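Biologist: Please examine one part of this assembly closely and describe how it is built and how it meets its neighbour.

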Amino acid sequence: MANDSRGNGASGDSQWPLWEVFTQPPNGAPHEHAGSVHAVDAEHALQNARDVYARRNEAVSIWVVPSSVITASTPEDMGPFFDPANDKPYRHPQFYKVPRGIRM
Amino acid sequence: MPASEQRPQEDPKRLAEFEARIARGESIEPKDWMPERYRKQLVRMMSQHAHSEVVGMLPEGNWITRAPNLRRKMALLAKVQDEAGHGLYIYCGTETLGVDRQELVQQLLDGTAKYSSIFNYPTLTWADMGAIGWLVDGAAIVNQTMLAKASYGPYARAMVRICKEENFHKRQGFEIMTTLASGTPEQKAMAQDALDRWWWPSLMMFGPSDKDSPNSAELLKWRVKQKSNDELRQRFVNLTVAQAKAIGLEIPDPDLQYNEETEDWEFGPIDWDEFWRVVKGDGPCNRERLAARRQAHDEGAWVREAASAYAAKRADERAPSAA
Amino acid sequence: MTSPVTGTPDVLFEYLLRLGDDRLVLGHRLSEWCGHAPILEEDIALANIALDLVGQGTMLLKAAGAAEGSNRSEDALAYFRDAVDYRNALICELPKGDFGVTIVRQFLFSVFSVLLWERLTSSANEQLAGIAAKALKECRYHVRHAGEWVIMLGDGTEESHRRVQAALDDLWRFTGELFLTDDIDRAAAKQGVGVDPSELQEAWRAQVEDVVRRATLSVPADVYMQRGGREGRHTEHLGHMLAEMQIVARSHPGAAW
């Protein structure tokens, strides 16, 4: 992302860019979104992420990604796949009656 | 900005859909449609919470350099560090609602944003560290356990993470109080004195009675809160009275009385004049807390600017021909 | 009492005390930032480093007390010794200053620390070798963090460049002490327990100069190096620091916390 400010105070006390943090726990599970941090570059973001989201050794791997490069679906995109319409109750687990005492 | 957010009247169909989602217990995520009022309430609530964590570092930070043994020193340092982390999680959660952390921080420093007024009380002895962990974190946990089921996804998730860490804080605080209460006569007196000073302000943390709280009804309707202030306060009192008795300290309330039927510890009247006075800015430390935050911010400006300037130079190097 | 050159418990006690005092004192100085750092992320980062250092200091003082054989716990050593009995290097006790001073001091000390811990992982004293292994991991991170900041601030704005250069210039005269060798160091090295710190100086200098250059800063000119910490002759700063640190513990002697 090109920035037309030069050093020497021109950039001012501005907000550092936002990065999303993904951490991977030690048990073989995949990376999971943990939250975000502000940092000026990737190395800095990684360090901040470690301090904020992994200081109790909860992660074996950390990914940081500038929030600006993440492309996300919109809730409308997800509708047909995840929002069962009212006229199709058979997609809900509750639709199937299971005899008492049986654990699913 | 979507047209729906600009209209003063919310689209009734979308509003109904939204409220149905809430009723079904669904999680509202950042990109979902939401009434502007919901968004505003959440920004207010979340940013206040984040500010509280940050200001909350100060009363305890006051004793890090005087902690009486190495284990307590490290535990207190870790606790205050956690609080900074909590502030950060919640600021980041608030940013998902389309507001910059910088803007929020400015509101805090301007004095236009609120934070929990418990942090406007001074920490006068080492025992205050015990009292704060036990009572203040204890009260926060009662509140946050409920908020972990809040309808707004990023807030609920931040709360889950925070609750895990805060349980350790409360246990630590109670352990400090226990040690003091069974220590030398001076230590026991120190502990009782801290309890005397922090008890009533902790009860005030739950906020005024819901009938006097303008935001409660809406927050309950939208499942941001699920319990009333009074319910949460009573839960906290019930838990804590038992704990105080267990370590031989006395709750400073002559009207405290157990109700066999309701199984509640009924307590005496809260001084709401004091509450509003502190909220409005006349507590013992309001000015000092803000002054400290302003000083940190002002003295750190050159550091933040330098980091931005450095990054800008590197960006220029990578794309020298870009406009 | 056996002579410092040959008596093992004496040597071990003194050697561990120096290592422990360096880290406890520096960790304490860093902890002063909590709630006052330039940005929330740094409140967390500095507290992390402080915790690591106080943790290392605690383990080292505990080991020192055990070596002394007089049953002085790490708390007894930390809270009931006067400044003249502290053995930290002077650079550790200097006030935190502005963020530039803190981060430059952290960088200079951490580069030294990593070099030291790398060697001490093969200490003949198993306990010290164990402490070294853990401390090494932590201190490598400290070097990265502090070094990154030195570069960002050196190559940031005119103001940050000026402040960090001033910090480097002011702190330089305290760096030599880290590499001084005396009878304790020689004895510890001879016993395979410790390291002669003068052996670390060249590598330290090379690493420091590399980062200073990348930060567009200048290495300060050679200057008389202040010393005395290892013999208990400290700056006036340590007395004030310890007065604050020790007040509660000393006000209730014998009490448990």
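**Chain B and its contacts**

Modeller: In chain B, 73% of the contacts with a separation of 6 or more are between residues 24 or more positions apart; two residues are in contact if their C-beta atoms, placed from the backbone, lie within 7 Å. This is a predicted model, in which local features need pLDDT of at least 70 and side-chain atom pairs count only at pLDDT 80 or more, while totals for chains, interfaces and linings use all residues. Residues are numbered from 1 along each chain as its sequence is written, and chains are lettered from A and ligands numbered from 1 in the order in which they are written.

Chain B has 14 helices and two strands, which are DSSP runs numbered from the N terminus (helices: H or I, at least four residues; strands: E, at least two). Along the principal axes, its C-alpha atoms fill a box of roughly 75 × 50 × 35 Å.

The contact between chain B and chain C takes 38 residues from chain B and 40 residues from chain C. On the side of chain B that touches chain C, helices H4 (57–61), H5 (70–95), H9 (185–204) and H14 (301–318) of chain B each give two or more residues. H5(B) gives the most, with twelve residues.
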